Amino acid sequence: MTAPVAYLDYNASAPLLPEAAAAMTATFALAGNPSSVHRAGRAARAVIEDAREAVAALVKVTPAQVVFTSGATEANGLALAAGPVTAAAVEHPSVLAWAEAATIPVDADGIVDLPALENRLREFPPAVVALMLANNETGVLQPVTDAAGLAHGVGARLHCDAVQGPGRVLVNFQALGADTMSLSAHKFGGPKGVGALILRPGLELSALVKGGGQERRRRAGTENLAGIAGFGAAAKIAVTALDNAHRIAALRDVLEARIADQVPQARVLGQGVARLGNTSCIVLPGVPAETQLMRLDLANVQVSAGSACSSGKIAASHVLTAMGASEADAKCAIRVSFGPGSTVADIDAFFSAWLPLALTAAA
Amino acid sequence: MSDLNSMGFAKPPSATRIVVAMSGGVDSSVAAAMLARDGYDVVGLTMQLYDVGAATAKSKTCCAGQDIYDARRVADRIGMPHYVVDYETTFKADVIDRFADSYVRGETPVPCIMCNQTVKFRDLFKAAKDLGADALATGHYVQRLMGSQGPELHRAVDPARDQSYFLFATTRAQLEFVRFPLGGLEKPAVRALGEELGVHVAAKPDSQDICFVPDGRYAETVKRLRPEAARKGDLVHVDGRKMGAHDGVIHFTVGQRKGLGVGGEAEPLYVVRIEPETARVVVGPKAALLERGFALHGVNWLGDDAAPSGDGRHVIMKLRNTHTPIAGTVFGEGAGAARVVLDQPEAAVTPGQACVFYEGARVLGGGWIARGGASQPVSLNLKRSAAANA
């Protein structure tokens, strides 16, 4: 009786890859503390260093540049805590939490306004400029390399929140020109609760989590061994996942073509600019995202909207209002995000649950 | 009739979608658990009504109160879908602002009725229908019984728990769609059922105060919204003597005896009348509180016969939730207005409270008590009342 589950929320979290699960399970047999000198300690330490190499390879850096954290939120904090921070208006809350109130605006497609950034930097040079690689709600790609050039021009660092990148687009830390970059394992098949900050060689940051000497004194505390092992395993897969990205983008385009064909009043944000191939941010005017999400979920179709408070209440997305969407439209936007496990059947399931809502609203 | 399921639908429970309004408290949790146990397609909705952090001036706390978490945990345990719907804007306009405005007018409002009337039975109704529900269930202690003319609203079997007073404004159309699974149960039975069904809030105390005034200091809430309610004024005796001063009409309710700060009189003094225009609070002996007639607005009629006309309809009524029912006659004046003439004078007819009509256990409707009861001439109506009773 229950409809098959269509999971279309990869930007929130991707299902754990079996390879990651296996790597994590293997660590449960390891008794040692990775900081211990003895054989058991060394065995645990080896798991962490293997994973560090895999994560380094994923973003084309050396292992010494990788600092494991509890996730991208902590990695963003580690990179930004020293401040002051100038950030784009569409950054994730874990970046905006450290940023100056005056953020850099974006255009209607969600791309940061580089001349505005340049003016701001000239007037109020910060210590760090934060610009994400790809927006989590729209998938829109940002001109990180250009922004890095502007930041460096005023002696500021460039921090890039790149959590939505791996497995979807090529992420080359050095080519981006960033000084720091955050990653999150669970966005591409690793476990939740583990991430990393990538540092430019030679850059030293003071630890947020203080105590022992783990992670070269940049992050104290006994390492999340299972999480890091899973992160490493997922990173190895993500390196080769780009082949799949074309298939995923084609699926996403099928969805958007069907929407354009049958629900002309709906709009896809950022559709005309470079964006992740897996993400579709759809505004259905007049139907609150709250209603869309509930209806879809009751039909076993799982998508996201805006930024949910811990209560589950959905606020109008700051990303969409920054793009110039009205408060009303911003409250009517949902995000559909695909991944390696997505199929045409998922689109069919989405459509059969969503189309009646759209048609009722149009009537 | 035997083909109908317990919610009154001619289909199996599994094909009957019931949206349950879950507050996070014991009662609605048990209602949800009962319906889930009986095999219904149950969906829980919890209303986000106000920012708990802002309400308690602790802005750093999250927007969600403990009750939302409790509701979610109950739904998790039952294994039913659960969502939070955001009615902060409409709750502010339709309940909190109206609550404050009512105090400014010198009334003593009943925000729970305003809430049932608006966010619950208008907005939540719509949400339930949007989700394809066959009915909306709540944890109210009130009964919906099928009568010859359709569903009727009746008092709960547990008189100590009866919430029918708060639901007088339920319209016939709303009554068609709503269900009250607890109305036929005693409170201890509900708690026991909660334990049996594994509802972990079963030992939680009942909520008491006005939900958006969690610290019970309603006057502070009103003052923040409507500073004019805190205008200082005089405390005046009905005989014209000035008795003292006060810090705003917000602090008074008709019938109030404590906290007046006046003494030395032969008999105790009560608040008889509140005059917000001049910020005067009029006090007097108990006899001065007696009212025979008063006006109603926003009248809702749920009887089988036509709504009361100018000829009057004799009913029993409650003037407060905890009031012992009294008898009187309702004279309809059209457009939701009516006048009530009581069989016997009654003390403390409080503007802003509801006057709810009953016939036995059945709710026949009710209306809001308007200001100015004592100042209205009732002689004409008294004559008509006598005629109606003859």
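A residue is counted as buried here if 20 or more other C-beta atoms lie within 10 Å of its own C-beta atom. The legends below refer to a predicted model.

Figure 1. Of the 390 residues in chain B, 47% are buried. The chain contains nine helices and 17 strands. Among contacts in chain B with a separation of 6 or more, 65% are between residues 24 or more positions apart. The domain assignment divides chain B into domain 1 (13-196), domain 2 (231-281) and domain 3 (289-389). Where domain 2 of chain B meets domain 3 of chain B, six residues from each of these domains take part in the contact. On the domain 2 side, these residues are three nonpolar, two polar and one charged.

Figure 2. In the domain assignment, domain 1 of chain A is made of two segments, 6-13 and 243-362, and domain 2 of chain A covers 18-240. The centres of domain 1 and domain 2 of chain A, taken over C-alpha atoms, are 27 Å apart.

**Figure 3. Packing of helices H5 and H6 of chain A.** Helix H5 (residues 114-123) and helix H6 (residues 144-153) of chain A have axes 10 Å apart, at an angle of about 15°. Angles under 35 degrees count as roughly parallel, so H5(A) and H6(A) are roughly parallel to each other. The crossing in which H5(A) passes H6(A) is right-handed. From H5(A), Leu114(A), Leu117(A), Glu118(A) and Leu121(A) take part in the contact, and they meet Asp146(A), Ala147(A), Leu150(A) and Ala151(A) of H6(A). By class, the contact of H5(A) with H6(A) has six nonpolar, no polar and two charged residues.

**Figure 4. Packing of helices H1 and H7 of chain B.** The axes of helix H1 (residues 26-37) and helix H7 (residues 187-196) of chain B come within 9 Å, with a crossing angle of roughly 60°. H1(B) and H7(B) are therefore oblique to each other. H1(B) passes H7(B) in a crossing that is left-handed. The H1(B) side of the contact consists of Val26(B), Asp27(B), Ser29(B), Val30(B) and Met34(B), which meet Val190(B), Arg191(B), Leu193(B) and Gly194(B) in H7(B). The residues of this contact of H1(B) with H7(B) are five nonpolar, two polar and two charged.

Figure 5. Because 19 other C-beta atoms lie within 10 Å, Gln174(B) is partly exposed. Leaving aside residues up to four places away in sequence, Gln174(B) touches Phe121(B) and Phe125(B). Leu45(B) is 129 residues from Gln174(B) along the chain, and the C-alpha atoms of the two are separated by 17 Å.

**Figure 6. A cis peptide bond and two residues with positive phi.** Most residues other than glycine have a negative phi, and most peptide bonds are trans. In chain A, the peptide bond from Gly83(A) to Pro84(A) is cis, with omega near -10°. Pro84(A) is in the loop between helix H3 (72-80) and strand S3 (85-87) of chain A. Arg216(A) has a positive phi, near 55°. The loop that holds Arg216(A) runs between strand S7 (195-199) and helix H8 (225-240) of chain A. Arg216(A) counts as exposed, because it has 11 C-beta neighbours inside 10 Å. In chain B, Ala348(B) has a positive phi, near 60°. Ala348(B) is in the loop between strand S15 (337-347) and strand S16 (354-359) of chain B. With 21 other C-beta atoms within 10 Å, Ala348(B) is buried.

Conventions
Residues are numbered from 1 along each chain as its sequence is written. Chains are lettered from A and ligands numbered from 1 in the order in which they are written. This is a predicted model: local features need pLDDT of at least 70, side-chain atom pairs count only at pLDDT 80 or more; totals for chains, interfaces and linings use all residues. Helices (H or I, at least four residues) and strands (E, at least two) are DSSP runs, numbered from the N terminus. A residue is buried if 20 or more other C-beta atoms lie within 10 Å of its own, exposed if 12 or fewer, and partly exposed in between; C-beta atoms are placed from the backbone. Two residues are in contact if their C-beta atoms, placed from the backbone, lie within 7 Å. Domain bounds come from an automatic or database domain assignment. Axes are lines fitted to C-alpha atoms, for helices over the stretch in contact, and angles run from 0 to 180 degrees between N-to-C directions. Angles under 35 degrees count as roughly parallel, over 145 as roughly antiparallel, 65 to 115 as roughly perpendicular and the rest as oblique. A crossing is left-handed if the near helix is turned anticlockwise from the far one by less than a right angle, and right-handed if clockwise. Ala, Val, Leu, Ile, Met, Phe, Trp, Tyr, Cys and Pro count as nonpolar, Asp, Glu, Lys and Arg as charged, and the others, Gly among them, as polar.
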